[in-house]
Amino acid sequence: MPETAKGQPKGSREKASAAAEEVEGRRSTKGNVQQAVTPRTQGRPGVSIGLLGVRAAARRDKRTRFTALLHHVNQDLLRDSFYKLKKQAAPGVDGVTWREYEVGLEERLRVLCDRVHRGSYRALPSRRTYIPKPDGRQRPLGIAAVEDKVVQQALVTVLNQIYEVDFEGYSYGSRPGRSPHQALDALWVGVMRKKVNWVLDADIRGFFDAISHGWLLKFLEHRIADRRVLRLVRKWLRAGVLEEGRRSVTDVGTPQGAVISPLLANIYLHYVLDTWTKQWRQRSAQGDVIIVRYVDDVVLGFQHRVEAERYHRELIERLGKFGLELHPEKTRLVEFGRFAIPNRRKRGAGRPETFNFLGFTHICAVRRNGKFTVKRKTMAKRLSSKLKGIRVELKRRRHEPVPQLGKWLGSVVRGFLNYHAVPDNWEPIAEFRKQVRRSWLDALRRRSQRTRLTWARFAALADLWLPPVRILHPMPYERFDARHPR
């Protein structure tokens, strides 16, 4: 129950206790009533009445601390959490896959639920692996065991009821009902409608590896007073990672790839960055200031350069207090906005600089009617890296049947278009499909030296399997205004 129910007269305390039991969905003191579950609809996943009560209590008072949350992690929630996991995900250190864990699932979940509530549950270390980044470097990932993923997913469902009320509107990353395109829309609308003349593209160096466990637990305690929940989080943080047979445990960092890591990252930056920036904007800024954050990718727009520079200096100091730092080479303050082109032309400074955000390069441009606009093009590195990966995979799949290969390539192109087919990005997505076709033709021609596949025959084949190029996303203001009518 929330702590605010304490310290009241006996009569009112009994009423508050009953109300709190109803709000949090706990079993009443006079009976064992099973929690009802809201029906699933197309737009909303099933959420227990108890969890909806937690959200309502969190919304009523932002200072409420919840003392009883773990009872929401029951066998039903664990089952729902299991089926939310990716079925084809790589196994953790125990070597158990999703399919293998599904055998005898109910008994496994019953035992797991009992261990969680008795306190005998132990988190396994994450298995370290690496995936290539667009710039050629390697991104470290931590692959957790299936049981750890299940419990983490269940706790994320519970904690989301609290923190979705607390998080700021300009935080978009890894939140239910929010997407990268909503963040991109918000940034485009902010630059177009606010008096933005300078953009600070902030990059936090090695953010997930630098999160302080001590500070994170302190931030959690602002809202969570259930010691069992805090103990669970501490177990995952201290489980460490296993790489080449060695287990490493530190007081900083949370593995990228863990189910709970995005939520913990959002909680950390909510207190370190979001609330502080909100206060800074209200107290220190004289001109317009916009901010859009997608996990650790942060872009801010300022009307005045002096305020942008002051915020930059104070941000470095602020992050340093919590063990974080800005990447000096990737963090840039650029002149950007509706007056950037004429102002730089007067100074003979050339075209305005660009910045990257969520896979797109943002460019100051002028439409045919002479009005300013922000154009978004797929990042060149992202495009070339994707094409390189396709060529490597085509070599491996060279001798697969043509229909099987066409189906796979069609899904790759379709996925690329679903993300990158935004207005003003026609040339990059057309070039992507063109290069995929060319790579596929080269792969098919290498199958045999006797017969050479003609371009005419191949063009019909490619058009059969590869989706056509077209813009799939509306203008940013259309989607943004639909979500924010005011």
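In this predicted model, strand S10, which covers residues 360–366, pairs with strand S11 in the antiparallel sense, and seven bridges join the two.

Strand S11 spans residues 372–378, and because five of its seven residues are buried, S11 is largely enclosed by the rest of the structure. Cys-364 has a relative accessibility of 10%, which is under the 20% limit, and therefore counts as buried. Cys-113 is also buried, because its relative accessibility is 13%. As for bonds between cysteines, a search of the whole structure finds zero disulfides.

From the strands we can turn to a pair of helices. Two packed helices are described by the angle between their axes and the distance between the axes. Helix H14, residues 380–396, packs against helix H15, residues 402–420, at an angle of about 170°, and their axes are 12 Å apart. Angles over 145 degrees count as roughly antiparallel, and H14 and H15 are therefore described in this way.

Which residues in H14 and H15 meet? On the side of H14 they are Arg-382, Leu-383, Lys-386, Ile-390, Glu-393 and Leu-394, while H15 brings Leu-405, Trp-408, Leu-409, Val-412, Phe-416 and His-420 to the contact. Sorted by class, the contact of H14 with H15 holds eight nonpolar residues, together with one polar and three charged ones.

Notes:
Residues are numbered from 1 along each chain as its sequence is written. This is a predicted model: local features need pLDDT of at least 70, side-chain atom pairs count only at pLDDT 80 or more; totals for chains, interfaces and linings use all residues. Side-chain values use heavy atoms; hydrogens and water are left out. A disulfide is a pair of cysteine sulfur atoms within 2.5 Å. Buried means under 20% relative accessible area, exposed over 50%, partly exposed in between (1.4 Å probe, protein chains only). Helices (H or I, at least four residues) and strands (E, at least two) are DSSP runs, numbered from the N terminus. Two strands pair if DSSP finds at least two bridges between them. Axes are lines fitted to C-alpha atoms, for helices over the stretch in contact, and angles run from 0 to 180 degrees between N-to-C directions. Angles under 35 degrees count as roughly parallel, over 145 as roughly antiparallel, 65 to 115 as roughly perpendicular and the rest as oblique. Contact means heavy atoms within 4.5 Å. Ala, Val, Leu, Ile, Met, Phe, Trp, Tyr, Cys and Pro count as nonpolar, Asp, Glu, Lys and Arg as charged, and the others, Gly among them, as polar.
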